[in-house]
Amino acid sequence: MDTAPLRDAYRALLDAAAGVADTDPVPPPGEWNAEQILAHVSIISAVTIAAVSAVASGAIATYDNRMAQEGWTIERVIAQAGGGAGLRDRIALQADALCSLGGPMLSDAELDTLVPTRLVSNGALLVDQPVPLRDLLDGLTGTELPGHTLQILALAPSGAGGD
């Protein structure tokens, strides 16, 4: 599996986060701030690393993103990481780990392993069925990380973060 697109998606997210780091942007009501978005991504990355590691070790893998939605957990991760800079460092290391684990280490059979998956977004159940590990990685690359990158860029003050 080519993990270059995954690495690029993480890089874009981290670049966006660095771009708003010193601006202290205030999100619209009901939306997350940049640190909360980064904590969410860090939790999702950890859950994905755990699933990849379980498959690689022959253990039973599961994937459940509900903890990444929970406010108390998000705030705890922010505090443990030391805020935005710590979260960016953590996510960069998680990206390295995931790209190493999810790429050349896994066989096609491992990438095709069905992982019992529960995905929730904004309180709505999106997925509650086995999903190939490959599709979880593709979803992180093509949907999850780009979506949160756009969410962070939307926090940038007018004129910042490009057009």
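## Getting started

Throughout this report, a residue is called buried when its relative accessible area is under 20%, exposed when that area is over 50%, and partly exposed in between, using a 1.4 Å probe and protein chains only. This is a predicted model, in which local features need pLDDT of at least 70 and side-chain atom pairs count only at pLDDT 80 or more, while totals for chains, interfaces and linings use all residues. Residues are numbered from 1 along each chain as its sequence is written, and side-chain values use heavy atoms, with hydrogens and water left out.

Helices (H or I, at least four residues) and strands (E, at least two) are DSSP runs, numbered from the N terminus.

## Helix 1 meets helix 4

Let us begin with helix 1 (residues 4-20) and helix 4 (residues 84-102), whose axes come within 10 Å and cross at roughly 175 degrees. That crossing makes helix 1 roughly antiparallel to helix 4. Axes here are lines fitted to C-alpha atoms, for helices over the stretch in contact, and angles run from 0 to 180 degrees between N-to-C directions. Angles under 35 degrees count as roughly parallel, over 145 as roughly antiparallel, 65 to 115 as roughly perpendicular and the rest as oblique.

Helix 1 brings L6, R7, Y10, L13, L14, A17 and A18 to the contact, and helix 4 brings R88, I91, A92, A95, D96, L98 and C99; contact means heavy atoms within 4.5 Å. These residues divide into eleven nonpolar, no polar and three charged. In this count, Ala, Val, Leu, Ile, Met, Phe, Trp, Tyr, Cys and Pro are nonpolar, Asp, Glu, Lys and Arg are charged, and the others, Gly among them, are polar.

## Salt bridges along the chain

Side chains of opposite charge can pair when their charged atoms come close. The structure holds six salt bridges, each a side-chain nitrogen of Lys or Arg within 4 Å of a carboxyl oxygen of Asp or Glu. One of them joins R7 and D96, with the closest N and O atoms 2.9 Å apart. R7 lies in helix 1 and D96 in helix 4, so this pair ties together parts that are 89 residues apart in sequence. R7 is partly exposed at 29% relative accessibility, and D96 is partly exposed at 38%.

Another salt bridge runs between R134 and D112, whose closest N and O atoms are 3.1 Å apart. R134 sits in helix 6 (residues 133-153) and D112 in the loop between helix 5 (108-111) and strand 2 (114-121), 22 residues apart. R134 is partly exposed at 22%, as is D112 at 43%. D108, D112 and R134 are linked in a network of salt bridges.

## The sheet and its neighbour

Three strands form an open sheet in the order 1-2-3, with mixed pairing. Strand 1 (63-64) and strand 3 stand at the edges, each with a single partner strand, so one side of each is left without a neighbour in the sheet. Two strands pair if DSSP finds at least two bridges between them. Strand 2 and strand 3 pair in the antiparallel sense over eight bridges, and T117 stands opposite Q129 in strand 3.

Helix 6 lies across strand 1, strand 2 and strand 3, running at about 135 degrees to strand 3.
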